[in-house]
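Subject: Structure handover

Hello,

Here is the structure for your files. Please open it alongside this note.

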Amino acid sequence: MSSPDPSIVATVRSKGHVLLATHFNPDGDALGSLLGLADVLEGLGKRVLRYLEEPVSHLYRFLPGCGQIQTDMAKVKEFAAMAGDDLLTICLDCGEEKRLGRHHGELTACRPLIVIDHHQGNNGFGDGAWIEPHRSSTGEMIFDLAMALGAEVSARAAECLYAAINTDTGSFRYESTSSHTFAVASELVRRGVRPETVATNLYDNYTLGRLRLMQEVLATLEMHERDRIAIIRVTQKMLERTYTTMLDTEYFINFPRAVTSVRVAVFLKEIEPNHVSVSLRAKGQCDVAVIANHFGGGGHRNASGFRVKGQNLDAVRDALLPLLCREMQI
Ligand code: 5GP
Ligand code: MN
């Protein structure tokens, strides 16, 4: 259960130039896995290009290695041309090509390409894939890959991987948190991670604007179906008023989710007029990946998301509610 497919290990071992990519709007698992793996591979003497569509959000700038991230597609092409047959592309924490962002076509043209991920319903793109939906995080898998490669995990890489695991387990709380997750976390702490420092960087780093935004977002709370479904929303106006961006809404959905009676929490986000991004969080038996898939999105059993164009927040809510009730059998 904790070892990667031997063919993935052999492929990684065989190449000296590695292009690393992950999904757009990367969260702590996406970034931590990418930066952690980059450090591990460089420790093995490989040349690594860390690619992201956008510069790293201020929320994650504490992660070691952020400064080496490349956002210029021309540099990716240069790197690929220089590497020739010695190139390997690894896509991390990403369930489908399109989630790689607007340059997904150019990125997936850099072959061979392997995918390392834990999303339910990963569409298996790539020439090889190591996908384990029961895993807590891609970060946990990267640690196992490093061990299978016989690589060192430096204190810097350990911090990245620990942040990855901490993010995707909701601080070791979600169902996917296993004894192996704790075993990996323990190994990372042994390599120098300070859990308190990472937790402070991840969760106690609010600007005042972010707190004001939270006030506004929580004030939109709607309860449905005898308090079993909670819905909050954020609009562009709220972001403007509080001098914040959509990235500052990270984690807000956990507040409605924390209400005892709530089985599914929904967060409706207005990306632009009539373009809505939806986050879903479930407790217990309801599988919100099924709902997200219905709307062309994806994710995990307990945490998923999707986007809808051409409808406003109310219309998306009205379309979503009956489907949720059916999935929750209420
Ligand atoms: P979040 O709600 O934190 O944005 O995302 C929760 C989970 O759902 C993550 O695993 C994320 O990758 C997935 N997810 C969120 N939005 C989308 C989407 O629009 N498409 C797909 N395929 N997955 C999504
Ligand atoms: Mn993840």
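Below is what turned up, region by region.

This is a predicted model: local features need pLDDT of at least 70, side-chain atom pairs count only at pLDDT 80 or more, and totals for chains, interfaces and linings use all residues. Residues are numbered from 1 along each chain as its sequence is written, while chains are lettered from A and ligands numbered from 1 in the order in which they are written.

UniProt, in an unreviewed entry, places "domain: DDH" at residues 18-165. Its positions are given in the numbering used here, feature names are shortened, and annotations may be inferred rather than shown by experiment. Residues 18-165 are 36% helix and 16% strand, with end C-alpha atoms 23 Å apart. Helices (H or I, at least four residues) and strands (E, at least two) are DSSP runs, numbered from the N terminus.

One open sheet has five strands in the order β2-β1-β3-β4-β5, with parallel pairing. Two strands pair if DSSP finds at least two bridges between them. β2 (47-50) and β5 (128-131) are the edges; each has a single partner strand, so one side of each lacks a neighbour in the sheet. From one strand to the next, the twist averages 20°. Axes here are lines fitted to C-alpha atoms, for helices over the stretch in contact, and angles run from 0 to 180 degrees between N-to-C directions.

β1 (residues 17-22) pairs with β2 over four bridges, in the parallel sense. Valine 18 has valine 48 in β2 as its bridge partner. Helix α3 (residues 73-83) packs on this sheet and touches β1, β2 and β3; its direction makes about 150° with that of β1. Contact means that the C-beta atoms of two residues, placed from the backbone, lie within 7 Å. Helix α1 (residues 6-14) lies across β3 (87-92), β4 (113-117) and β5, at about 125° to β5.

Now helix α2 (residues 28-43). Its 16 residues reach 22 Å from first C-alpha to last, close to the 22 Å expected. The expected span is 1.5 Å times one less than the number of residues. Of the 16 residues of α2, 14 are buried, so the helix is largely enclosed by the rest of the structure. Buried means 20 or more other C-beta atoms within 10 Å of a residue's own, exposed means 12 or fewer, and partly exposed is in between; C-beta atoms are placed from the backbone. Just after α2, glycine 45 has a positive phi of about 90°.

UniProt lists "domain: DHHA1" (unreviewed entry) at residues 260-320. That span is 25% helix and 43% strand.

Ligand 1 is surrounded by 14 residues, the closest being Ser279, Gly297, Gly298, Gly299 and Gly305. A residue counts as near if its C-beta atom, placed from the backbone, lies within 6 Å. β11 gives the most to this shell, with five residues.

Backbone points to check

Arginine 111 and proline 112 are joined by a cis peptide bond, with omega about -5°. Proline 112 sits in the loop between α4 (104-108) and β4. Phenylalanine 172 is not a glycine, yet its phi is positive, near 65°. Tyrosine 251 also has a positive phi, about 85°.

Best wishes
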